[in-house]
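Reader: I would like a close look at a single helix and its surroundings. Please take me through what packs against it and how the chains relate.

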There are 4 protein chains.
Amino acid sequence: MKTYPITELQNVKIHGRTKMGPDFLPLFWNNSGVEVNCTGGELWIDLEVDSAFYEAWIATEINGAFMSRQMLHPGSQSICLYRSMTNGPVKNVKFFRELQAMGNMEKTILLVKGLRTDGEFLPVEDKPRKLEFVGDSITSGEGTYGATEDTEWLSMYMSSSRHYANIVGRNLNADIRIISQGGWGVLCGWDNNPSCNLPSVYDAICGPSIGDFNVRLGTQEPNDFQAWKPDAIIVNLGTNDASAFRQPAFTDPVTGETFQQRMNPDGTYVAEDLKRFTDAVKNFLKQLRKDNPDSFIVWVYGMLGYDLSVAIAGAVSDYQKETGDFRTDYITLPNTEADAYGAHMHPGYPSHVAAAKVLTRYLAEKLG
Amino acid sequence: MKTYPITELQNVKIHGRTKMGPDFLPLFWNNSGVEVNCTGGELWIDLEVDSAFYEAWIATEINGAFMSRQMLHPGSQSICLYRSMTNGPVKNVKFFRELQAMGNMEKTILLVKGLRTDGEFLPVEDKPRKLEFVGDSITSGEGTYGATEDTEWLSMYMSSSRHYANIVGRNLNADIRIISQGGWGVLCGWDNNPSCNLPSVYDAICGPSIGDFNVRLGTQEPNDFQAWKPDAIIVNLGTNDASAFRQPAFTDPVTGETFQQRMNPDGTYVAEDLKRFTDAVKNFLKQLRKDNPDSFIVWVYGMLGYDLSVAIAGAVSDYQKETGDFRTDYITLPNTEADAYGAHMHPGYPSHVAAAKVLTRYLAEKLG
Amino acid sequence: MKTYPITELQNVKIHGRTKMGPDFLPLFWNNSGVEVNCTGGELWIDLEVDSAFYEAWIATEINGAFMSRQMLHPGSQSICLYRSMTNGPVKNVKFFRELQAMGNMEKTILLVKGLRTDGEFLPVEDKPRKLEFVGDSITSGEGTYGATEDTEWLSMYMSSSRHYANIVGRNLNADIRIISQGGWGVLCGWDNNPSCNLPSVYDAICGPSIGDFNVRLGTQEPNDFQAWKPDAIIVNLGTNDASAFRQPAFTDPVTGETFQQRMNPDGTYVAEDLKRFTDAVKNFLKQLRKDNPDSFIVWVYGMLGYDLSVAIAGAVSDYQKETGDFRTDYITLPNTEADAYGAHMHPGYPSHVAAAKVLTRYLAEKLG
Amino acid sequence: MKTYPITELQNVKIHGRTKMGPDFLPLFWNNSGVEVNCTGGELWIDLEVDSAFYEAWIATEINGAFMSRQMLHPGSQSICLYRSMTNGPVKNVKFFRELQAMGNMEKTILLVKGLRTDGEFLPVEDKPRKLEFVGDSITSGEGTYGATEDTEWLSMYMSSSRHYANIVGRNLNADIRIISQGGWGVLCGWDNNPSCNLPSVYDAICGPSIGDFNVRLGTQEPNDFQAWKPDAIIVNLGTNDASAFRQPAFTDPVTGETFQQRMNPDGTYVAEDLKRFTDAVKNFLKQLRKDNPDSFIVWVYGMLGYDLSVAIAGAVSDYQKETGDFRTDYITLPNTEADAYGAHMHPGYPSHVAAAKVLTRYLAEKLG
C-alpha cells in the first residue's frame, strides 16, 4: 500500500469550501469531503481530528450508495473506506463530514492528511451540475438522525447523508455544497442574536469557524467564487428569523446591547422589525449575486412552517424590481408532516425526502 | 315513494353558490350539489338538464365514498342515487356537478327539481369548517380524468370528484365551494383575453354564466357573502396569466382592441405589464377581503409551474404593507411530476393528491 | 350517425365469456364488455337491460383511462360513451359490466344491441397476453367502492374498474377475463352451501346464471375454450371455504340434506373435511387443465387471511405429484391492511393495488 | 467513568444466541448485540475484535433510531456509543453486529468485554414478543447496503440494520433473533454443497462458526432453547435450494463425493431430488418443533423468486398431515421489484420494507 499525501494527490475531487493546508485538507462544512475513483483492493484515509464537546461525525458512500457513518475522536487516525475488494475495477468513494461547521464556542477539526491504497487513483469528473445550499439547522440536517424524543443539540443528530441536498444532488447528478448554521437566520438567530446571520459569514471560506486554530486554517479568508460556480444556489433561511419574533430580546454579553424582533399585541410583526428582516433578505440576495454573477438563486422555505413566507417572497420581489435581476425565485417546500419529524422537532428523513422531491422537479425544469 | 320538491325540502344541504328558483335549484359551479341524510331504502333525484356541445357530468358520493360519475343529456330525468338498501338507517348522499360553470359560448344547465324516496330526510349538519377554492382549469379539475394523450377541451375531463379541493375538504372535515374557470387568470386569460379574469365574476352568484337563460337563473345577482362565510379562501390563480406572456396579443372581436402581456427580448416580463398583473393580484385580494372580512386568504401556486411565483407573492406582500391585512398568505404547491399528468397536460389525480397533502398540512395548522 | 348492430360489427373486441344472440350480445360476467377503436366524434351504445333487486352497473374507459361508472335501469336505452370529440382520430373505448354474474335468485340482464357513431370502427388488436381470473367476492370487486361502514350486499359496491385484475391487465398489457361469484368457494360457499362452488359452473359459458331467460341466452352451454386461451389463469379461491369451517351446517331447503365443514375443539380442521376441501382444489386444477391445456395456472390466496394457505398449497403440491403438471403454482397475496378495507369488510381499492403489484411482478417473470 | 465488565453487568439485555465467556460476550450472529438503559452522559463499549478477509461491521441504535454503522478492525478497542448527553435521563442504546456468523473459511470474532459510563445501567425489559428469523443471504441482509452494481461478496453489504427482521421487530414491539447463512439452504447450498444447510447448524449456539477459536467460544455447544422461547419462528429458506437445481454437481474436495439437485430436460425437477428437498423441509420443521415446542412456525418465501413455492408448501402440508401440528404455516413474501435490488442482485432496503409490511400484518394477526 502506498500513501498519497492529500496535497500531492491529483485525482481527487474536493467537496465543500476549503483551503488546502501545508499537509492537510480541512473539512469545514457539512458534506465537505473527498471523492476518489480508486482501483485498489483496499483504501484508507488518514485523518487528524480534534474536538471537545461536539465530536466530528463522518459518513461514506461507495459507488453512490451510503455505506457507513461514525463518530470520530481526537487524534491522528486512519479510517478504512473499504477493503477485500478486487484490485483493478474502479470504486467511486466519497468520504464526507456529517457535522456542520462549528463556530466560536467549539472547535471540531477534521483534517484529511492523505489516502492509502494498493491501487491507483483515476480522475473524478465533475458532475454536469453544481448546486449550493445555504441554510440553517434544516440544512445542517439536524434531526435526520435520532429518535423524535431526542431533544439535545448534539453532533450525532446532524447529517448530510440523509439530507435533502444530498438527495437532490443524486437525483440531478449534481455536485453539491452546503453552507449552513443551526439556529442562524438571514437577519438574526432564533434567540435574536444579531450575530447569527448567514450573510456575515458567507463571503469567507468558513465564516462561522473562528478561533485561532480555525483562522490559521484559513476559514476567514475570502472564498474563491471563481473556482466553483454553482448553477443554482438554494437559500433555505427564515425559519430562525421567524422564531426570533417570539423570543425575548437578546443581550450582547460584552456590549450589553440588546436586539429583538418584535410582535404587535395582535400577533402581527412590528413593521420596522419586519422591514429589517426583509432588508436583510434583499441584501443577502445582492451579496449572493455579487459573489455568484451567473448562478440561478432560489429562496426556499416552509419545512418548519410558513410564518415569513410572504415577507421573504416580498423581499425577493422588491429585489427583482430594484435590480432587474430575475434570475431569482421563491418557492415553498412542504411543511414537515406530523409523522415525519426527527430528533429535536426537526424535519426527519421522510421530510427531507419530500422536500427533495419538490426541489428536484423544480430545479430540473429551471436548469433544463 | 314520495317526491320532495327541492324548494320545500328542509333537510338538504346545498353545496355551492346558487339561487333557489321557483321550482328548482340550479347547480352552476363545479362541486355544487345537494347532500341529504336519507333513511329510505331508495333515493332518486329529479333533474332538468340542458346542454349542447358541453354536456353536464355529475358524480355521487355515498357515506363519503365516491360511487358514480356519468354524463347527463338534455331533458327532464330522474337519477337513482341508490336503491335496494335497508329502510331505516341513515345514508349520507351527495350529488354534485363535475363540470365547471360554463360561460357565454355555451350553456350547460343543471337544475335539481326534487328528491324522491320511501324514507325521510334528516338534518345534515354543516361541517366544522368551510373552505372556498378560487381558481382556473386546475381548480376545474381539468385532467383529473382522461388519458395523458387526450388533449381536447371537453366536459368529461373535468371533475370535482378527484380534486384537491375535495380531498382537502375530506381531510379537514370541511364543506367546500369551488369558483373556477379554465383558461382564466387574475388579470387575463391564457390567450391575453382581458375579460377572462376571475375578479370580474367573483362578486356575482355565478358571474361567468351569462346569456338570457343563465341570467334569469340569477347568475349575475350579487352573491350573499353573509350566508356562507369560509374559514379560508384558497386562491389558485396565475397559471394562465403566466401563459399570456408567451401568447400573441388578443384582439377583441367586437371593439378591435388588443391586449397583451409582453416579454422582453431577454425573457423577462415587461415591467409595466408585470405591474398590471401584480395590481390585479392586489386588487383581487382587496375584493376578496371586502366580500369576506373574516376569512383567512392564502394564494397558492405552482401545480403547473412557478413562473409568476415571486410576482404573486410580491403583490401579496405589497397588499399586506398597504392594508395591514396579515390574514393573507402565499405558498407554492408541488409542481406536477412527469408521471402525474392527466388529460390535456393538466395535473392528473396523483398531482391533486400531492397538492392536497401540502394544503391539508398547511390549513390544519392555520385553522387550528 | 349510423347504427351498427352488434351482430354485424366486425371491428369490435368482445371481453368476457358470452354467446352472441340473434340481435344482441349478453354481458354476463364482471368486466365483460365491448371495446372499439372509433373514429367518430360521437359514440353511443344501445342496450337492453333488465333487473330487479340487483341493478346492473357499468363503467367505461377511454384510451385506457377510467371515465364513468353508473347504475342502469331496466329497459331499452342508449348510453353515450363520448361526444363532441374531433371526428377522425381513433378513440379506444371500452364499455364493461361492473357487476358480477348473477345467479338463480336474481337476474341482472345486460344486452348490447349495437353501437352508433358518425365515424367508423377500426380493428382492435388483441393484446399480447391473455389472463383469466377465477374467484369469489374479492374477484367480484366487492368493496372496491363504498365506505367502510357500508355492509349491505349490493350491486354498487362491486366493480371491475378498481380491481386487481384490471390493474394487472393494464400493467402487463393483457386482455383479461373474470369468472367470479361472491360467497362461493372451491368446495362450498361461506355458509357451507355445497352448491356454491366455482368448479361446478366453470365449464359453461356462465354457469351461475340459471333461470329460463339466462338459459335461453346460452349461459349453460359449454364454454368454447379454443376461442380464448389464457396465457395464465389466476385462481383466487379458498376464502369462503375457510369461512365455512366457522359456520353452522347448511341445510338444503329442498332435500333437507346438510353439509358442514367442521372444526375440532382445538381449533384445527376435521381431517376428513379438510381432505374434502383439498380434493376439491386438486379436482379443480384437473378441470382447469383439461379445459386449458396450455395455460399456466397459479393459485393465489390471502387478501382476506391465510387460514387455508397450507391446505391449498399442499393440494397443489399433491396435484403436481399425481399429474406431473408443474405448470401450476401457488403464491400468497398481501392481506388487506387495516386502513385498506372497503365496503362490507372487503379489500378496498388500496388492497387491490397492493395485490396487483405482487401479481404483476410475479406474472411478468412467469410469462417472460 | 466506571467500567462494567460484561460478565458482571446485571442490567444488560443480550441479543442473539451466545455463550458468556470468562471475561467477554461473543457476538456471533447478525443482530446479536447488547442493549442497555444508561443514565450516563457518556457510554463506551469495550471490544476485542479479530478478523482477516471479512472484517466485522457493527451498528448502533439510540432510543430505537439508527445512529451509526462502521467497520471494525482487529484488536482491543473502545467504541463510543454516545457522549455529551445530559447525565440522568435514560438513553436506550443497542449495539449490534451487522455481519452474519462466519464459518469455517474465516473467523470474524467480535467480543464485548464491557461497558463504560459515568452513569448507571437500569433494567431493560424484555419486549412483549420474541421473534426468531432463520434464513439465508436474504436474512443476512446481503444487499441492504451497497450499490446495485456492486457484486462482490463482502462484509459491508450485509446488515441487520436495514433488515426486514429489524423492521418487523420494531413494528410489533418484539425482540428478534437472526440465524442465517448466505448461500445456504434447507437441504444444500446454492452450489449443491450438501453441508451448507441450516438444519445441521440450528441446534448449536452458532453451528456455522467452526475452527478452534470459535469452538472454544462455545459455538458448537447446544443452544439453550429454554432460555429464549420465540413466539414465532420465521423460516425464510429455499432460495438457494432452488439455485442448486441449476448448478453443476458439487464435489466434496476431501471425499470426492458429489451432490447435485437435478433438473429434467423439460425444466421440471427430478422427482427424487425434489423429494430430497421436501424431506429436508419436513425434517427441519420437526427439528424446529422439537427445539421450540411452543412457537408458531411460519415458512416464508419469495423475495428472490417463487421456484420452490409449491414444493415447500406441500412439504409443510405433509408435515401437518403426518404430525397433526397445525401451528405451522406458509406464506409468500413479495418478490423484489426491479427497482428495489441492492448490492449483488439481492433485495435492497425497499424490498425489505415491502417484506416487513406483509410479515407485520401477518404476525400481528397470528400472534393476536
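Predicted model: local features only at pLDDT ≥ 70, side-chain atom pairs only at ≥ 80, totals over all residues.

Author: From α1(A), the residues A:Tyr164, A:Ile167, A:Val168, A:Asn171 and A:Leu172 take part. They meet A:Tyr349, A:His352, A:Val353, A:Ala355, A:Ala356, A:Leu359, A:Thr360, A:Leu363 and A:Ala364 in α7(A). By type, the residues of this contact of α1(A) with α7(A) are 11 nonpolar and 3 polar, with no charged ones.

Two packed helices are described by the angle between their axes and the distance between the axes. Here α1 covers residues 164–172 of chain A and α7 covers residues 349–367 of chain A. Their axes come within 8 Å and cross at roughly 40°, which means that α1(A) is oblique to α7(A). The crossing of α1(A) past α7(A) is right-handed.

Next, the relation between chains. Chain A superposes on chain D through a rotation of 180° with 0.0 Å of shift along the axis, at an RMSD of 0.0 Å; this is therefore the relation of a two-fold axis. The C-alpha of A:Arg69 is the one in chain A nearest the axis, 2.6 Å from it. Both copies use the same surface, since 100% of the contact residues of chain A recur in chain D.

In chain D, 7 of the 9 residues of helix α1 (residues 164–172) are buried, so the helix is largely enclosed by the rest of the structure. The buried ones are D:Tyr164, D:Ala165, D:Asn166, D:Ile167, D:Val168, D:Gly169 and D:Leu172. Their cover includes strands β6 (56–62), β12 (129–135), β13 (174–180) and β14 (232–236), together with α7 (349–367), of chain D. Just after α1(D), D:Asn173 has a positive phi of about 55°.

Definitions and conventions: Residues numbered from 1 in each chain as written. Chains lettered and ligands numbered in written order. Heavy atoms only, no water. Axes fitted to C-alpha atoms, helices over the stretch in contact; angles between N-to-C directions. Helix = DSSP H or I, 4+ residues; strand = E, 2+ residues; numbered from the N terminus. Parallel < 35°, antiparallel > 145°, perpendicular 65-115°, else oblique. Left-handed = near helix turned anticlockwise from the far one by under 90°. Contact = heavy atoms within 4.5 Å. Nonpolar A, V, L, I, M, F, W, Y, C, P; charged D, E, K, R; others polar. Least-squares fit on C-alpha atoms with pLDDT ≥ 70 in both. Buried < 20%, exposed > 50% of the residue type's maximum accessible area, 1.4 Å probe, protein only.
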